[in-house]
Amino acid sequence: MSINSVYSSFGYIGNGSGCQLSEETKRKLKALGIDPSTVTSESQAKILIANAEQKQKSVNNTQKTDSKTICSSESEILSKAKQLAQKLGVNISSEKSVDEILAGLYEKVSTMISSEEPQSQDPKDLQNIQAEIDALRNEYSSVKQSQNSIYTMLNMTANINKYMLGL
């Protein structure tokens with residue numbers, strides 16, 4: 001018996017073990033991206049199918065999470081603030097901080113809402129803009145807290161390094 005005939009015998013036995021599965025089970029395995037020839041029994045196939053379906057459900061649930069948990073960067077918040085300023089017709093100085101820009105926009109919108117003069121924009125639009133500014137303030141606060149936490153951690157790491165090096 002040659003080596004090639006031994007390999008072909010094992011290949012045939014390996015492929016023959018997948019034949020114990022029903023056609024429906026084979027289709028489900030293939031649909032989930034599992035090779036049916038690697039499964040030795042119907043019970044093992046059902047376990048693999050259940051695990052794959054559970055994993056697929058958890059991935060789908062993760063993708064459907066609310067986007068409010070995503071933290072923006074400072075530059076994104078600044079660009080959103082500039083867009084709001086453009087809507088309101090306000091010029092923004094590039095030297096101002098994000099806090100100052102948001103505060104200025106909030107004051108501008110508040111004065112536009114409270115003024116008795118005819119407005120170029122609908123009061124509901126102004127209230128929506130005011131709500132957007134509040135949301136940007138909250139996002140910016142979150143970004144600043146994250147930055148402060150990072151700076152604190154870096155400072156602590158530097159102090160530990162100084163201590164370990166005897167400086």
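In the predicted model, 41% of the contacts in the protein chain between residues at least 6 apart in sequence join residues at least 24 apart. The chain contains six helices and zero strands, and its pattern along the sequence reads α-α-α-α-α-α.

Of its 167 residues, 18% count as buried. The accessible surface of the protein chain amounts to about 12600 Å², and carbon and sulfur atoms account for 53% of this area.

Helix α4 was examined residue by residue. This helix covers residues 74-88 and has 15 residues. The distance from the first C-alpha of α4 to the last is 21 Å, close to the 21 Å expected at 1.5 Å a residue. The buried residues of α4 are I77, A81, L84, A85 and L88. These five names lie on the same side of α4, because they cover an arc of only 100 degrees around the axis. The other side of the helix carries S75, Q83 and Q86, which are exposed.

Key. Residues are numbered from 1 along each chain as its sequence is written. This is a predicted model: local features need pLDDT of at least 70, side-chain atom pairs count only at pLDDT 80 or more; totals for chains, interfaces and linings use all residues. Side-chain values use heavy atoms; hydrogens and water are left out. Helices (H or I, at least four residues) and strands (E, at least two) are DSSP runs, numbered from the N terminus. Buried means under 20% relative accessible area, exposed over 50%, partly exposed in between (1.4 Å probe, protein chains only). Contact means heavy atoms within 4.5 Å. Accessible areas come from the Shrake-Rupley method with a 1.4 Å probe; for residues, only the protein chains shown count as cover. The expected span of a helix is 1.5 Å times one less than its number of residues. The arc is that of the directions from the helix axis to the C-beta atoms.
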